[in-house]
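Hi,

Here is the structure I said I would pass on.

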Amino acid sequence: MPARTNTTQYLSWFCMRSGVTRQLRLTKESRTDVQFHLAALRGDRARLCQLLDTGKVHIDSRDRDGTTPLILSAAMGHADCVEELLAQGADPACCRTTGTSALFFAAQGGFLDIARLLLHAGADIDAPSTDGGTPLFVACQCGHLPVVEELLQRGADVNSCMKDGATPLFIAAQNGHEEVCARLLRAGAAVDAARADRATPLWIAAQCGHQRVARVLLAHGARVDSTRQDGATPLFKAAHKGHAAVVVELLKHSPDLGLLPNGQSALHGAAMFGQLACVRLLAARRASALSLRNAASAGRQCVCAVRAGSVCVQCGPAVCVCSAGRQCVCAVRAGSVCVQCGPAVCVCSAGRQCVCAVRAGSVCVQCGPAVCVCSAGRQCVCAVRAGSVCVQCGPAVCVRSAGRQCVCTNFNTKFVNDVTKRFSQTLVRGTLKLLTVLLFFIFTQICL
């Protein structure tokens, strides 16, 4: 403890160390009360006894936040002062306005001897704070295994939870305390106890990159595909955050590699955020499944034109094999439907034409110039969806039939002629107005 020269500095330091947000009201407690609290904070047992002998202070005198000398001594780890105060009748059940007791602070600080003194004096082992935190919870949060052992042996509730549903196991997993997690599980902690947002201990361990914790949880039967309310699984979060070691651990338990309820796969998450190590791990596992697509672009062909052997974040690994000057062709499985051309319509060989639905006038880099010319009664094999726009024939002209080809009908001739005539008339009138303004401007300049 750093040296302090006055009461206010001592109390400020305690506030910072123990999470207390307000100080003693020095102007409204008596001078003797302030000295009593200060002696407890400093660990000055002799001064405590001296002040108690005067009879001017109450053993459980409180400040405005409900802090007692016993709480101060317990929080600062002064076991001799705690022993003296308890011997003189201090109440171990006294709590601050936040619901935190002397045992809470002793567990948070990892002071096993003080925790034992308080428990022996009758402190409530599961007394919660206002947000639901118990002495066991904060001991697990801070990784104080000896205190955790003591509390569990004395019957602390291993599955107590905060208001948000977080359990001691959850907070231990979040902070990477492997041994604490193992001890809690041996004591009967629910391995998949979820927080209010449905995040489990495994989910939070994966997100935080705690490989050893994830291994312990999986060994005790944690669900590898537990899903948070946003649809993300432990594998997705580990890949998204780039925790390759956790990804390796999760892959040992056959997690779901497909599209998740959030519309993406773990591979998407890794690729979008440039997590190369995770991409490689997931790509190797996905080598036999080549057609992953982002849910937002489902039904569209991949034209990403990535380099040979790289990973397409829409279609999965090893689906885009592009060579110089050629368009990227989705490596869909044999017999499936090419969403751009329909089933089995793109068979390109030297001198042959392709009936794919390329844009009017454009060149298919795989097959050559566009070859689909639709006229009345003829069929177009562009295979666009019903109601969409045929890029060769105009909007709303393609209606699927037989699941393979679409029948293209030209626009009503009269309608087209009317539109053309109106457009021509408007163009002529606009041109005349422009010429009139230009001539008037020239005439004005000449006259000036």
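Predicted model: local features only at pLDDT ≥ 70, side-chain atom pairs only at ≥ 80, totals over all residues.

Residues 65–91 are 63% helix and 0% strand, with 16 Å between the end C-alpha atoms. For residues 131–163 the figures are 52% helix and 0% strand, and the end C-alpha atoms are 6 Å apart.

With a relative accessible area of 0%, serine 73 is buried. Leaving aside residues up to four places away in sequence, serine 73 is in contact with Ala40, His78, Cys81, Val82, Leu85 and Ile114.

**Helix H9**

H9 covers residues 145–153, and its buried residues are Val147, Val148, Glu150, Leu151 and Leu152. Among the elements that cover them are helix H6 (102–109), helix H7 (112–120), helix H8 (135–142) and helix H11 (178–186). Just past the end of H9, glycine 155 has a positive phi of about 95°.

**Salt bridges**

There are 10 salt bridges in the count. Two of them involve H9, and here is how they look:

- Glutamate 150 pairs with arginine 116 at 3.2 Å, N to O. Glutamate 150 is in H9 and arginine 116 in H7, so this pair ties together parts 34 residues apart in sequence. Glutamate 150 is buried at 10% relative accessibility, while arginine 116 is partly exposed at 41%.
- Arginine 183 pairs with glutamate 149, with the closest N and O atoms 2.7 Å apart. This pair links helix H11, which holds arginine 183, to helix H9, which holds glutamate 149, again across 34 residues. Arginine 183 is buried, with a relative accessible area of 14%, and glutamate 149 is partly exposed at 22%.

The pairing also extends into a network: Arg116, Glu150 and Arg154 are linked by salt bridges. Elsewhere, arginine 195 bridges to aspartate 197, with 2.8 Å between the closest N and O atoms. Aspartate 197 is buried at 16% relative accessibility.

**Two loop residues to look at**

Most residues other than glycine have a negative phi. Arginine 198 has a positive one, near 75°. Arginine 198 lies in the loop between H11 and helix H12 (201–208) and is partly exposed, with a relative accessible area of 46%. Serine 254 also has a positive phi, of about 55°. That serine is in the loop between helix H15 (244–251) and helix H16 (266–272), and at 56% relative accessible area serine 254 is exposed.

**Cysteines**

How many disulfides does the structure hold? The count is 0. For cysteine 49, the nearest cysteine sulfur belongs to cysteine 81 and is 8.2 Å away; a disulfide would need the two sulfurs within 2.5 Å, so cysteine 49 is in none. Cysteine 161 is partly exposed, with a relative accessible area of 40%.

**A nonpolar patch**

Last one: Val428, Leu432, Leu435, Leu438, Leu439, Phe441, Ile442 and Ile446 make a nonpolar surface patch of about 810 Å². Leucine 439 belongs to helix H18 (residues 413–447) and counts as exposed, at 58% relative accessibility. In an α-helix, residues three or four places apart point the same way.

Cheers

Terms used. Residues numbered from 1 in each chain as written. Heavy atoms only, no water. Helix = DSSP H or I, 4+ residues; strand = E, 2+ residues; numbered from the N terminus. Buried < 20%, exposed > 50% of the residue type's maximum accessible area, 1.4 Å probe, protein only. Patch = residues over 30% accessible without salt bridge, like charges linked within 9 Å, V, L, I, M, F, W, Y side chains within 5 Å. Areas by Shrake-Rupley, 256 points an atom, 1.4 Å probe, with all protein chains shown as cover. Salt bridge = Lys/Arg side-chain N within 4 Å of Asp/Glu carboxyl O. Contact = heavy atoms within 4.5 Å.
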